[in-house]
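Thanks for coming. Please look at the sequence and the structure on the screen while I talk.

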Amino acid sequence: MAFVKFPIKTEPPINSFDELGERVAQDDANAIYWAAECLWRGEHVSRNASLASQYFQIAALLGCADAYYKLGEMYRHGQSVRKNIRL
């Protein structure tokens, strides 16, 4: 499992957890994705899988491809969302 390390490679890079929070408030899709990863793994915050899935959904709606992929995996395995195996 990869850990969230700063700086996060985005344009421009995110250098701290505080900066991540500021960019989430500005509706930056990549920042929301990385905040969801922190919530999903419990890094720098308490682990909250249901809130993480909501953040992944918001990031996906804002166009973050990584969030689309993560949501697909969550639905495939039924992690904090209802499992969906229909093709």
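One term before we start: a nonpolar core is a set of buried Ala, Val, Leu, Ile, Met, Phe, Trp, Tyr and Cys residues joined through side-chain atoms within 4.5 Å. Keep in mind that this is a predicted model.

The largest nonpolar core has 24 residues, and Phe56 and Ala67 are the ones that touch the most other members. Two or more residues come from each of helix H1 (17-25), helix H2 (29-41), helix H3 (49-61) and helix H4 (65-77). H2 gives the most, nine residues.

What does alanine 67 touch, not counting residues up to four places away in sequence? Its partners are Tyr33, Phe56, Ala59 and Ala60.

Now helix H1. Leu20, Arg23 and Val24 are its buried residues. They sit on the same side of H1, because they cover an arc of only 105° around the axis. The other side of H1 has Asp18, Glu22 and Ala25, which are exposed. The cover over the buried residues of H1 includes H2 and H3. Just after H1 comes aspartate 27, with a positive phi of about 60°.

Last, a residue in helix H2: glutamate 37. Is glutamate 37 buried or exposed? Buried means under 20% relative accessible area. Glutamate 37 has 2%, so it counts as buried. Leaving aside neighbours within four places in sequence, glutamate 37 is in contact with Val4, Phe56 and Lys70.

Technical notes:
Residues are numbered from 1 along each chain as its sequence is written. This is a predicted model: local features need pLDDT of at least 70, side-chain atom pairs count only at pLDDT 80 or more; totals for chains, interfaces and linings use all residues. Side-chain values use heavy atoms; hydrogens and water are left out. Buried means under 20% relative accessible area, exposed over 50%, partly exposed in between (1.4 Å probe, protein chains only). Helices (H or I, at least four residues) and strands (E, at least two) are DSSP runs, numbered from the N terminus. Contact means heavy atoms within 4.5 Å. The arc is that of the directions from the helix axis to the C-beta atoms.
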